[in-house]
Amino acid sequence: MPSIQIKNIAPLKDTGVVKLTPVMLLIGNQSSGKSTLMKILCFCRWIEKRIMVDGEDLLSKYTHYNRFRKELLKFHRLSETAFSDSSRIFYDGDCITIELNGKNANAKIIRKKNFAQDRYNLKISFIPSERNLLSAINNIDKNYKAIDPDVLFNYILEWGEVRDSYKSSKPLNLAFEKNVSYYHDENAGDMLRLQREQKTIRTFYASSGIQSALPIMVMVDYIHNVVGTNGKRSPKDYITAISRYLSANEDGGIDLTNEKLDSIKQLLTYKTAQLYIEEPEQNLFPKSQAELVKNVIKKIKEASVKSNAFSAVMMTTHSPYVLTTLNQLLAASKAYEVDPQQTMLVMDEAYILPGSCYSAYRINDEGELENLIDAETGLIMGEYLDSISEEVDEVMYRLNSIIYADVD
């Protein structure tokens, strides 16, 4: 199982060795390092993807001129001050390892023993907290410019490609908002169809909750659909891929064996999806938060079944409702092992993954990770489900003792 460890970067002091499960949830106070951890992990995954798919010559590119750290800082908008001489990243992936020690050191990237046989293609998407800008600002895809492309620029660019898959004749129903569907119109832009009112509106006029959650649903649905396919590629992409993996034989001819063709096909096809979502709960009512999270899990499961390889999602959150939803899914996993039929009367099987697929952590005040899942019960420990409740109960108890105190 792949893993990552981060030391002394921004607020993170030592994460310990974090095993990468198909579903990961990260909570913590604001500015505790949740996004920092997720951004570093996403970047390592992206580097691994590029080396696996685009050629091993890229390995040397990221082991010289401090390029690994510089591109990480630039793309994910991290401050130079995030790193120090004691900073460390160790990523143990599927096919490579990445090790970085100190702020001025070059990364060490090593191919694993079975790199040639095990490498594969994957679709990666980082869905930032600023995603509602897509709807809140008119024509942001045309107006937002970046001299050096960063994570937000990349997301806007990706959105421009993805939305073309949803036409008026084939809209996407929104799991978190009943009787509402989304489609893209070439002239009018991003649209919502309100079935109950029998009318359409631009997403620009939608509620802040829909503006925030819509990009998650659309991106998750699209990426789930491209797993097992080549996605959207131009003829140039195919020519480049084929030429990269062809080699001359002893007679000077092209080595085009069936094995070589199968290898090319494998590296063009998306085997899994990797999603990184910041704060899915933004501007959503608690019930809608739960429906959105469950829909993400459902799509991850569908993609995993389709390709017979686990896709994955990592989410950061401040919401106790997101954490509670994850706990329900964990409980459903345990109940399903005992009695599948009875469990499906309570929870749709589409949302149920094995308990081993889940992990949840909290970043504490010392910048360290705490495992939230109890080793004995397999569920999230009670004190973490809504840590503010005890404080609220204590204050209410003291106030009630004043209000209802016996009068002499």
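Me: Where is Y404 found?

Reply: Y404 sits in the segment after helix 15 (387-403). Helices (H or I, at least four residues) and strands (E, at least two) are DSSP runs, numbered from the N terminus. Before we go on: this is a predicted model, where local features need pLDDT of at least 70 and side-chain atom pairs count only at pLDDT 80 or more, while totals for chains, interfaces and linings use all residues. Residues are numbered from 1 along each chain as its sequence is written, and side-chain values use heavy atoms, with hydrogens and water left out.

Me: Is Y404 buried or exposed?

Reply: Buried means under 20% relative accessible area, exposed means over 50%, and partly exposed is in between (1.4 Å probe, protein chains only). Y404 has a relative accessible area of 64%, so it is exposed.

Me: Which residues form a nonpolar patch on the surface with Y404?

Reply: A patch is made of residues with over 30% relative accessible area and no salt bridge; like charges are joined within 9 Å, and nonpolar side chains (Val, Leu, Ile, Met, Phe, Trp, Tyr) within 5 Å. A salt bridge, in turn, is a side-chain nitrogen of Lys or Arg within 4 Å of a carboxyl oxygen of Asp or Glu. Here the patch consists of V395, M396, L399, I402, I403 and Y404, and together they have about 660 Å² of accessible area. Such areas come from the Shrake-Rupley method with a 1.4 Å probe; for residues, only the protein chains shown count as cover.

Me: Zooming out, how many helices and strands are there in the chain?

Reply: The chain has 15 helices and 18 strands. Of its 408 residues, 47% count as buried. The chain exposes about 20,700 Å², and carbon and sulfur atoms supply 49% of that.

Me: How do I read a strand, say strand 4?

Reply: In a regular strand the side chains alternate between the two faces of the sheet. In strand 4, V23, L25 and I27 point one way, M24, L26 and G28 point the other way, and all are buried. With six of the six residues of strand 4 (residues 23-28) buried, the strand is largely enclosed by the rest of the structure.

Me: Which strands run parallel to strand 4?

Reply: Two strands pair if DSSP finds at least two bridges between them. Strand 4 pairs in the parallel sense with strand 16 (residues 312-317) over five bridges, and V23 stands opposite V313 there. Strand 17 (residues 358-363) also runs parallel to strand 4, joined to it by six bridges, with G28 opposite I363.

Me: Which strands form an open sheet with antiparallel pairing?

Reply: Four strands do, in the order 9-10-11-12. Strand 9 (172-173) and strand 12 (199-202) are the edge strands, since each pairs on one side only. Strand 10 (residues 180-185) and strand 11 (residues 189-194) are antiparallel and joined by six bridges; D185 has G189 as its bridge partner.

Me: Now a helix. Which residues of helix 3 are buried?

Reply: An α-helix has 3.6 residues a turn, so residues three or four places apart point the same way. In helix 3 (residues 67-75), the buried residues are F68, R69, E71, L72 and L73. They pack against helix 1 (34-54), helix 2 (57-61), strand 5 (88-92) and strand 6 (96-101), where contact means heavy atoms within 4.5 Å. After helix 3 comes R77, with a positive phi near 55°.

Me: What does N66 touch?

Reply: N66 is in the loop between helix 2 and helix 3 and, at 10% relative accessibility, counts as buried. Leaving out residues up to four places away in sequence, N66 touches K103, N104, A105 and N106.
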